[in-house]
Amino acid sequence: MNKEKNKTVFNGVVIFPNPSKNIFNINSVSFIKSLYVYNSIGKLVLERQDINQKNITFDLKNHKTGLYYVKVETEQTIKTYKIVKTLL
C-alpha cells in the first residue's frame with residue numbers, strides 16, 4: 001500500500017481525498033462491481049452494487065466523523081481500505 005498525500009493507493013485502486021469531510025472518490029484500473037462502507041464498529045452504512053464503472057464518488061455527509069472501512073469489489077479482487085471522515 002502506498003500512502004500519498006490525501007490518497008490511499010493499493011492494488012490499482014485509489015481512494016481520495018483521504019481524509020475527507022464528506023466526499024470520497026475511488027478510481028480503479030478494473031471495473032468496480034460493488035462498494036460497501038462500514039463504520040468503526042462494523043455496521044454497514046452505505047452499499048452500492050452493480051456499479052460497473054472504473055471511477056465512482058460516494059458521500060458520507062449524513063454520517064459521523066471517524067474511521068470507516070470501505071470494501072471494494074472489482075472484476076479482479078476484493079479489498080478493504082481504511083478512510084477517515086473529518087470535521088474540516
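Mentor: What follows starts with the rings and then turns to the strands and the loop around them. The model is a predicted one, in which local features need pLDDT of at least 70 and side-chain atom pairs count only at pLDDT 80 or more, while totals for chains, interfaces and linings use all residues. Residues are numbered from 1 along each chain as its sequence is written, and side-chain values use heavy atoms, with hydrogens and water left out.

The protein has 0 helices and 6 strands, where helices (H or I, at least four residues) and strands (E, at least two) are DSSP runs numbered from the N terminus. Phe24 belongs to strand β3 (residues 23-39) and Phe58 to strand β4 (residues 44-59), so that the pair links distant parts of the chain, 34 residues apart. Both Phe24 and Phe58 are buried, which is to say under 20% relative accessible area, whereas exposed is over 50% and partly exposed lies in between (1.4 Å probe, protein chains only).

Lys54 lies over the face of Phe31 at 5.2 Å from the ring centre, and the charged end of Lys71 sits 5.7 Å from the centre of the Tyr36 ring.

Strand β4 also holds Asp50, which has a positive phi of about 55° although it is not a glycine, and which is exposed, with a relative accessible area of 69%. Asn52, also in strand β4, has a positive phi of about 50°.

Between β2 and β3 runs a loop that contains Pro17 and Pro19. The peptide bond from Phe16 to Pro17 is cis, with omega near -15°, and the bond from Asn18 to Pro19 is cis, with omega near 10°. Most residues other than glycine have a negative phi, and most peptide bonds are trans. Ser20, found in the loop between β2 (13-16) and β3, counts as buried at 8% relative accessibility.

Technical notes: A charge sits over a ring if NZ of Lys or CZ of Arg is within 6 Å of the ring centre and within 35 degrees of the ring normal.
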